[in-house]
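Reader: I have the sequence and the fold open side by side. Could you walk me through them, question by question?

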Amino acid sequence: MVDRLVSLSVGIMLSTSLLHALPEAFESGADPRKLFICLLGGLLAFFLLEKAAILRHSHHHEGDGHHHEHGHDAHEAGKSGWMILVGNGMHNLTDGILIAAAFLANPHLGIVTAFAIIAHEIPQEIGDFIVLLNAGFSKTRAYLYNLISSLMGVVGGVTGYLMLEKAGSLIPYVMVLASSGFIYIAVSDLMPQMQRRTTLRESIPQVILIAAGIGLVLLVTH
């Protein structure tokens with residue numbers, strides 16, 4: 001089930017980033033060159049984060065002679081798990097700032113904005129949860145860490161309320177950084193996993209579920 005839902009997560013992540021977050025960032029009036037620099041920096045930063053996770057994991061695993069307890073590998077969650085938490089935390093931080101800005105402009109607008117964000121967060125959080133399970137997290141750990149990451153929305157709301165003028169100008173860059181994380185995870189980690197399934201019978205459900213993920217994001221964001 002997790003293997004199948006990874007395909008759904010790829011559709012959700014790529015469409016959230018490429019059809020929702022990045023267009024909003026580039027339509028914000030921020031300098032496109034700076035946004036592209038931010039996107040490049042984000043991709044390289046997630047590459048280095050992944051590299052560090054690989055190096056750490058390669059030196060600490062069951063059967064490496066270090067007498068790790070049984071189940072150690074399960075506790076050492078995969079590299080994509082920590083990256084998705086970082087990317088999702090930044091995404092939630094941005095959402096909190098947006099909600100604060102909308103409420104300060106108009107309470108009615110704030111309510112509408114909050115509901116819109118809830119709508120696009122539901123499929124996103126489902127995708128994140130599946131990626132965490134796929135990375136080796138237990139259900140309890142995946143839920144707990146996802147909850148902690150989601151609380152960055154509260155931090156964003158408080159930040160937006162207290163420092164709206166400064167924080168507001170940072171929104172496009174935070175969105176681009178979050179998007180770079182989702183794109184990197186989908187393309188470098190999840191899609192290569194899917195390519196290991198080479199038969200037509202295994203590939204057709206993958207394509208259908210990617211399309212379903214894209215359709216789900218389009219439905220809730222429009």
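**A helical protein, step by step**

Author: Gladly! Among contacts in the protein between residues at least 6 apart in sequence, 79% join residues at least 24 apart. Please keep in mind that this is a predicted model.

Reader: What share of the residues is buried?

Author: Let's start with the surface, which comes to about 12100 Å² of accessible area, with 70% belonging to carbon and sulfur atoms. The protein has 222 residues, and the share that counts as buried is 41%.

Reader: Which residues is leucine 190 in contact with, beyond its neighbours in sequence?

Author: Once neighbours within four places in sequence are set aside, its contacts are Val6, Val10, Met13, Val131, Asn134 and Ile185.

Reader: How far apart are the end C-alpha atoms of residues 170-191?

Author: The unreviewed UniProt entry annotates "transmembrane region" at residues 31-49, 143-164, 170-191 and 203-221. Residues 31-49 are 95% helix and 0% strand, with end C-alpha atoms 27 Å apart. Residues 170-191 are 100% helix and 0% strand, and their end C-alpha atoms are separated by 31 Å.

Reader: Are helices H6 and H7 roughly parallel or roughly antiparallel?

Author: Helix H6 (residues 139-150) and helix H7 (residues 152-162) pack with their axes 4 Å apart, at an angle of about 5 degrees. Angles under 35 degrees count as roughly parallel. Therefore H6 is, relative to H7, roughly parallel.

Reader: Which residues make that contact between H6 and H7?

Author: From H7 come Met152, Gly153 and Val154. From H6 come Ile148, Ser149 and Ser150.

Reader: Is tyrosine 143 buried or exposed?

Author: Tyrosine 143 sits in helix H6. Its C-alpha atom is 8.9 Å from that of leucine 132, eleven residues away along the chain. Exposed means over 50% relative accessible area. Because tyrosine 143 has 55% relative accessibility, it counts as exposed.

Reader: And alanine 100, is that residue buried or exposed?

Author: Alanine 100 has its place in helix H4, and it touches Gly157, Gly160 and Tyr161, not counting residues up to four places away in sequence. Glycine 168 is 68 residues from alanine 100 in sequence and 9.8 Å away in space, C-alpha to C-alpha. Buried means under 20% relative accessible area. With a relative accessible area of 11%, alanine 100 is therefore buried.

Reader: What is the relative accessible area of leucine 44?

Author: Leucine 44 is found in helix H2 (residues 32-58). Its C-alpha atom and that of glycine 181, 137 residues apart along the chain, are separated by 9.7 Å. Leucine 44 is partly exposed, and its relative accessible area is 48%.

Definitions and conventions
Residues are numbered from 1 along each chain as its sequence is written. This is a predicted model: local features need pLDDT of at least 70, side-chain atom pairs count only at pLDDT 80 or more; totals for chains, interfaces and linings use all residues. Side-chain values use heavy atoms; hydrogens and water are left out. Contact means heavy atoms within 4.5 Å. UniProt positions are given in the numbering used here, feature names are shortened, and annotations may be inferred rather than shown by experiment. Helices (H or I, at least four residues) and strands (E, at least two) are DSSP runs, numbered from the N terminus. Buried means under 20% relative accessible area, exposed over 50%, partly exposed in between (1.4 Å probe, protein chains only). Accessible areas come from the Shrake-Rupley method with a 1.4 Å probe; for residues, only the protein chains shown count as cover. Axes are lines fitted to C-alpha atoms, for helices over the stretch in contact, and angles run from 0 to 180 degrees between N-to-C directions. Angles under 35 degrees count as roughly parallel, over 145 as roughly antiparallel, 65 to 115 as roughly perpendicular and the rest as oblique.
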